[in-house]
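Hi,

Here's the structure I promised to pass on.

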Amino acid sequence: MKLYKITKPTTTPVPIIISVPHAGTKFPKTIKKHYNKRLQKHLDDTDWFVHKLYDFAPSLGITLIKANLSRWVIDLNRDPESVPLYNDNRLITSNTPTTDFFGNKIYKSQDLEPNEDEKNRRLKEYYWPYYNKVEALITARKKQFGHVLLWDAHSIRHKVSTIQKEPFPDMILGNNDTKTANSVLIDAALSQLKSSDFNVNHNTPFKGGHITRYFGNPSNNIHTLQLEMNKILYMDDNEITYNRERASKVQVVLETTFKNLIKTMQSAL
């Protein structure tokens, strides 16, 4: 089973890579039968269709990498030791989760949940290969341009009470409190996103997950940003099906934002 899909630029490359770690829905055959069949019918924590929102990226010279495995197999945006990314009492799933965001058990029984050996196997076979490939893409673009931006693309339900009681804003740009990217790039992304009709937060309630924090090293000209997006911006109200009309409005904002980032990287870095 291929762990990820890479979509290469269809025009002259630019120093931007988009990572989509949570849109995968595949399960290895050896463990697929361990999961709750009812919950598997609709993988509730999946960032459904996020990669489709960025289908304009290759035409701008951007490389896109999308993970194929479900985050229930391995969560690529968690610490490899499952060290919590937040300490505000929200529900935080591990890199090999045993529940969904609502606390429902995703395995048929407790004895089928991954033990330490299985967790380590998944890290070795599923987690680090994705990181290694992202690092290779970053290294290649940095070597070519002298700098690079990794954009980690996510979405989340309109409301998840185990994380916060209130509905989420439309979009949240995260950079670990401005630690993972040059302020010029942060400002370029924020200004463009906020010029839309969408409600945009900065580092609240999401500061960027492990991918953003792991790879971000602006002093070495490696910049990372995470965009978390409310699913009802591009899906139906039940957050089940893709809504083309809604999605097209989001894509206009995203494409304009990336054009602004490309221009900023060419002139200010």
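**The largest pocket**

Strands β1 (4-7) and β3 (63-67) each give at least two residues to the lining of the largest pocket. Helices (H or I, at least four residues) and strands (E, at least two) are DSSP runs, numbered from the N terminus. Keep in mind that this is a predicted model: local features need pLDDT of at least 70 and side-chain atom pairs count only at pLDDT 80 or more, while totals for chains, interfaces and linings use all residues. Residues are numbered from 1 along each chain as its sequence is written, and side-chain values use heavy atoms, with hydrogens and water left out.

The lining consists of K5, T7, H51, Y54, D55, P58, L64 and K66. (A pocket is an open set of points on a 1 Å grid over the protein atoms alone, where a 1.4 Å probe fits, with protein on both sides within 12 Å along at least five of seven lines; lining residues have an atom within 4 Å of a point.)

**Two helices**

Helix α5 (residues 183-194) and helix α7 (residues 244-268) have axes that come within 9 Å and cross at roughly 150°. Axes are lines fitted to C-alpha atoms, for helices over the stretch in contact, and angles run from 0 to 180 degrees between N-to-C directions. The two are therefore roughly antiparallel, the word for angles over 145 degrees.

The peptide bond from T204 to P205 is cis, with omega near 5°. P205 sits in the loop between β6 (200-202) and α6 (210-215). N176 isn't a glycine, yet has a positive phi of about 50°.

Cheers

Definitions and conventions
Parallel < 35°, antiparallel > 145°, perpendicular 65-115°, else oblique.
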